[in-house]
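Dear colleague,

Please find below the structure that I am handing over to you. My notes on it follow directly after it.

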2 protein chains.
Amino acid sequence: MKSTAAISALGALAQEHRLAVFRKLVQSGESGMAAGALAEALGIPASSLSFHLAQLRHAGLILHQRRHRSLIYRANYPAMNALLGYLTENCCAGAPCDNDAACVPMEQERQSA
Amino acid sequence: MKSTAAISALGALAQEHRLAVFRKLVQSGESGMAAGALAEALGIPASSLSFHLAQLRHAGLILHQRRHRSLIYRANYPAMNALLGYLTENCCAGAPCDNDAACVPMEQERQSA
DNA sequence: CGCTTAATTCGACATCTCTCGAAATGTCGT
DNA sequence: ACGACATTTCGAGAGATGTCGAATTAAGCG
């Protein structure tokens, strides 16, 4: 990961609403959440949320796909892993995690069914 | 770590010059670097650098102490660990590193003597 | 096609951020 | 105390970011 990409990703997460959105998407796992559902859950006006989703998307931290009339957003786990990797390699002493567990979707949500 | 602290830390790192400063301080290990040395190494005017150092300091990511006429800055490793911990816990699936290695100073710089 | 729902884009505004020279502050050597 | 050095604070301007209602685009249903 290049430092410009890291800066984009850090900047995308460095905002109250966007961090909340990203956390929510991580919690919702692979199935993700529709924009409207996010807006209601977080109490953010649709147009404001749309702005923040675009920022997260440009930073590569989230992905979206259309399902019927809704746009479903979900966390891009590999991107988050790359950010964590960048930070541990470049901003720590290079003594990070050597297991490859890292950043994976929260499966427990899905397997509850 | 609270999410407000995480946002401060993320915001502090989400800037070209500040990320460069922090990386430089990580590289320089426990001994740190003086503000002037940083300014010269990174080609940033003193007053601009001072502004960025203040941001990093307010975010808790760096520490400083006076040595003779210079102010020596150094990375606050525990703060960086806390940020990494926050991100792996809240923005990943809670399957982070379970070893406690994490973020430690780059000792190889010092032990070269 | 026309209607409804879902979401984005536009536009205008307020606010925060970054930059950097000049002035002020703090520290040391003599 | 004075001069020189290291750094910060001040101040003003340019530019980026966040907000959100209104208008627009897109998808599905009858």
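Into how many nonpolar, polar and charged residues does the surface near DNA strand D divide? The residues there divide into 7 nonpolar, 11 polar and 4 charged. In this classification, Ala, Val, Leu, Ile, Met, Phe, Trp, Tyr, Cys and Pro count as nonpolar, Asp, Glu, Lys and Arg as charged, and the others, Gly among them, as polar.

Before going further, please note that this is a predicted model, in which local features need pLDDT of at least 70 and side-chain atom pairs count only at pLDDT 80 or more, while totals for chains, interfaces and linings use all residues. Residues are numbered from 1 along each chain as its sequence is written, chains are lettered from A and ligands numbered from 1 in the order in which they are written, and side-chain values use heavy atoms, with hydrogens and water left out.

DNA strand D

DNA strand D is surrounded by 22 residues, and the closest are A:Arg18, A:Ser47, A:His52, B:Gly36 and B:Tyr73. A residue is near a strand if one of its heavy atoms lies within 4 Å of it. Of the atoms of DNA strand D that come within 4 Å of the protein, 66% belong to sugar and phosphate.

Some polar contacts can be named here; such a contact is a pair of N or O atoms within 3.5 Å, and within protein one must be able to donate a hydrogen and the other to accept it, with residues adjacent in sequence counting only if both atoms are side-chain atoms. An N or O atom in the side chain of A:Ser47 is 3.1 Å from a base nitrogen of DNA strand D. For A:Ser48, a polar side-chain atom lies 3.4 Å from a phosphate oxygen of DNA strand D. A polar backbone atom of B:Gly36 is 2.7 Å from a phosphate oxygen of DNA strand D.

H4(A) gives the largest share of the surface near DNA strand D, 5 residues. Helices (H or I, at least four residues) and strands (E, at least two) are DSSP runs, numbered from the N terminus.

DNA strand C

Around DNA strand C there are 22 residues, the closest being A:Gly36, A:Tyr73, B:Arg18, B:Ser47 and B:His52. Sugar and phosphate make up 68% of the atoms of DNA strand C that come within 4 Å of the protein.

By class, the surface near DNA strand C has 7 nonpolar, 11 polar and 4 charged residues.

Helix packing in chain A

How do H2(A) and H4(A) lie relative to each other, parallel or perpendicular? Their axes come within 10 Å and cross at roughly 70 degrees, and H2(A) and H4(A) are therefore roughly perpendicular to each other. Axes are lines fitted to C-alpha atoms, for helices over the stretch in contact, and angles run from 0 to 180 degrees between N-to-C directions. Angles under 35 degrees count as roughly parallel, over 145 as roughly antiparallel, 65 to 115 as roughly perpendicular and the rest as oblique.

In this pair, A:His17, A:Arg18 and A:Val21 of H2(A) meet A:Leu49, A:Phe51, A:His52, A:Leu53, A:Gln55 and A:Leu56 of H4(A), where contact means heavy atoms within 4.5 Å. The contact divides into 5 nonpolar, 3 polar and 1 charged residues.

H2(A) also packs with H3(A), at an angle of about 115 degrees and with the axes 11 Å apart. Here A:Ala20, A:Val21, A:Lys24 and A:Leu25 in H2(A) meet A:Leu38, A:Ala41 and A:Leu42 in H3(A). By class, this contact has 6 nonpolar, no polar and 1 charged residues.

Yours sincerely
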